[in-house]
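The sequence and structure are shown first.

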Amino acid sequence: MKYTSEAEKAAAVRETAESPLPAHPTSFEDDGQRSTRNRVARSILDHGPSTAAELASRLQLTQAAVRRHLDSLVADGVVEPREQRIYGSRGRGRPAKAFALTDSGRDAFDQAYDTLAADALRWIAQTAGGGEKGDAAVAAFARARLAAQAVSYREAVESADPEDRTEALARALTADGYAATARSAPVGEQLCQHHCPVAHVAEQFPQLCEAETEVFAGLLGTHVQRLATIAHGDGVCTTFIPKKSGAPRTAHETTTASASTSGRNPA
């Protein structure tokens, strides 16, 4: 590793001494302690795929220190480098690599009950008779589960001003462990969930994503479109919320339209 100055080298050495981490951690938050490498992984979890420069700025570390921790996390299979998506015109030079959590990296946080949840949903489907009936039973369970979660979400959304409701929903989701953010987008907004506690189960049962998208549409009172999901290999679950225009849609129109694209990546 090359350093641009002695000060940067000293900071990197000090960072290493202060923040040791086992080669193969079983949990990023054992005993409530967080090493610097844990903070790097957690920051990627909370904010989605990130470059070394973004992580350094966010965590107030040198880029050299961040790159060293990223190298270790990549070696341990916790994160993986990806080509950074460029929106708009592309500048000169190669784009910086963005680092995203791998499936095993997400496992180290809080997905220890994936097998139990998947087995339970599989049992529901089989008990209902399998096939279309089984799929419908899982979908009914997913809607009931999300309806219970949505009670607190609805209170947060309805108490916010109309222009702040996506942000209010993001804060409510974050309180439930989804590390959500809201940002402006052309002709609307994007609701981004940087973590999904049920991502592995949703890979097998897309009804979970569909039910969640339906709930978002009902809470925000408009058609929404799921653009990407962690369950399908994307770094972030992204939902597009268009600006309202004309008469408001009915509940049936919003949920039916959103379910058609939920849980699928754009073509």
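## Largest cavity

In this predicted model, helix H10 gives the largest share of the lining of the largest cavity, with 3 residues. Helix H7 (131–158) also supplies at least two residues of that lining, as does H10. The volume of the largest cavity is about 70 Å³. A search of the whole structure finds 3 cavities of 30 Å³ or more.

The residues that line the largest cavity are Arg145, Leu146, Tyr178, Cys196, Val198, Ala202, Leu208, Cys209 and Glu212. By class, 7 of the lining residues are nonpolar and 2 are charged, with no polar residue.

## Sheet and the helices on it

Four strands, in the order S3-S4-S6-S5, form an open sheet with antiparallel pairing. Strand S3 (180–185) and strand S5 (225–228) are the edge strands; each has a single partner strand, so one side of each has no neighbour in the sheet. From one strand to the next, the twist averages 25°.

S5 and S6 run antiparallel and are joined by 3 bridges. Arg226 stands opposite Thr239 in S6. Helix H8 lies across S3, S4 and S6, and runs at about 160° to S3. Helix H10 (residues 207–220) packs on the sheet as well, where it touches S4, S5 and S6. The direction of H10 makes about 130° with that of S5.

## Second largest pocket

The second largest pocket holds about 270 Å³ of space. Its lining consists of 13 residues, and those nearest its centre are Pro162, Glu189, Ile241, Pro242 and Lys244.

Divided by class, the lining of the second largest pocket has 5 charged, 4 polar and 4 nonpolar residues.

## Packing of H2 and H3

Helix H2 (residues 36–47) packs with helix H3 (residues 52–59) at an angle of about 105°, and their axes are 11 Å apart. The two helices, H2 and H3, are therefore roughly perpendicular to each other.

On the H2 side, the contact is made by Arg39, Val40, Ser43, Ile44 and His47. H3 contributes Leu55, Arg58 and Leu59. The contact of H2 with H3 comprises 4 nonpolar, 2 polar and 2 charged residues.

Definitions and conventions:
Residues numbered from 1 in each chain as written. Predicted model: local features only at pLDDT ≥ 70, side-chain atom pairs only at ≥ 80, totals over all residues. Heavy atoms only, no water. Axes fitted to C-alpha atoms, helices over the stretch in contact; angles between N-to-C directions. Parallel < 35°, antiparallel > 145°, perpendicular 65-115°, else oblique. Contact = heavy atoms within 4.5 Å. Nonpolar A, V, L, I, M, F, W, Y, C, P; charged D, E, K, R; others polar. 1 Å grid on protein atoms, 1.4 Å probe; cavity = no way out; pocket = protein on both sides within 12 Å on 5 of 7 lines; lining within 4 Å. Points joined across faces, edges and corners; volume = space filled by probe spheres on them. Pairing = 2+ DSSP bridges.
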